[in-house]
Structures are given as C-alpha cells and as structure tokens.
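Okay, thanks for coming, everyone. Let me put the structure up and then talk you through it.

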Amino acid sequence: MQLGGSCARGNIGAKQENGRSCIICGRPSQSPVITVLDQILCLKCMETISKIDSTCENYTTVMERLKILLKPVLVRELKMNDLDKG
Ligand SMILES: [Zn+2]
C-alpha cells in the first residue's frame, strides 16, 4: 500500500508572518485563498483538507490547525470560555 498520491505532503509549518497567511501552512497568501472565519486558507490546504484522512502524516497537524481556527468561534458563539483552559 502506497501513500503519497492522495495525501498532500506539503511543509506544514507554524510560521507566523506579518499580514495574512494561511492558518494551516503559514504561508503568506499569494495564490488564491478563501477567508474562513476571518482566517486565510490557501487552495493548497483546502485541497489537502478535502482529501485528508487519518492515515495522512499531516492529519494531526491539520486537525490541530483547524481546532485553532474553530476555537474562537466556539468561545464566542457558545460561550465556551473554558476551552481557553485547554
Ligand atoms: Zn495553506
């Protein structure tokens, strides 16, 4: 069984750039992006997410990024302030 075709193997890093950068890969937005919950998501990462499954080596990292993306919304909408306590 070969992995690698369907799983995007990008360099997922946690770089924080000035300005708008993709919440998943941390790259500045150069290519087409979408804005999700006031965060930038690049096409590459959207593609990754659309194909990802739990066998992808990036799965954990991407899921952690998505949690970071969703957390402020949950806090605001559901008043789940205790999420901040981790
Ligand atoms: Zn990205």
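Before I go on, a word on provenance. This is a predicted model, so local features need pLDDT of at least 70 and side-chain atom pairs count only at pLDDT 80 or more, while totals for chains, interfaces and linings use all residues. Numbering runs from 1 along each chain as its sequence is written.

And pLDDT, for the record, is the predictor's confidence in each residue, from 0 to 100. The protein has a mean of 76, and 67% of its residues reach 70 or more. Over residues 1-6 the pLDDT is below 50, and that stretch has 3 contacts in the model beyond near neighbours in sequence. Residues 14-18 are also below 50, with 5 such contacts. Where pLDDT is low, the predicted coordinates should not be read in detail.

Now the layout. I'm using DSSP runs, numbered from the N terminus: helices are H or I with at least four residues, strands are E with at least two. We get 2 helices and 2 strands, and along the sequence the pattern reads β-β-α-α. Confidence is lowest in β1, at a mean of 84, and highest in helix α1, residues 43-51, at 90.

So what's buried? Buried means 20 or more other C-beta atoms within 10 Å of a residue's own, exposed means 12 or fewer, and partly exposed is in between, with C-beta atoms placed from the backbone. Buried residues come to 15% of the 86. The largest nonpolar core has 7 residues: C22, I24, C25, V33, L41, C42 and C45. Core here means buried Ala, Val, Leu, Ile, Met, Phe, Trp, Tyr and Cys residues joined through C-beta atoms within 7 Å.

The strands β1 and β2 pair in the antiparallel sense over 4 bridges; pairing needs at least two DSSP bridges.

Which residue takes a positive phi in the hairpin of β1 and β2? That's L37, near 50 degrees, with 2 residues between the strands. L37 isn't a glycine, and it counts as exposed because it has 12 C-beta neighbours inside 10 Å. D38 sits in that loop between β1 and β2 too. D38 has a positive phi of about 70 degrees, again without being a glycine, and with 9 C-beta neighbours inside 10 Å it counts as exposed.

Leaving aside neighbours within four places, S29 is in contact with R20, S21, C22, I40 and C42. The C-alpha atoms of S29 and C42 are 6.8 Å apart, though 13 residues separate them along the chain. S29 is partly exposed, with 17 other C-beta atoms within 10 Å.

Last, helix α2, residues 59-78. It has 20 residues and reaches 26 Å from first C-alpha to last, close to the 28 Å expected, which is 1.5 Å times one less than the residue count. α2 bends by about 35 degrees at L70, and P72, a proline, follows within four residues. The bend is the angle between axes fitted to the seven residues ending there and the seven starting there. After α2 comes K79, with a positive phi near 55 degrees.

How values were computed
Two residues are in contact if their C-beta atoms, placed from the backbone, lie within 7 Å.
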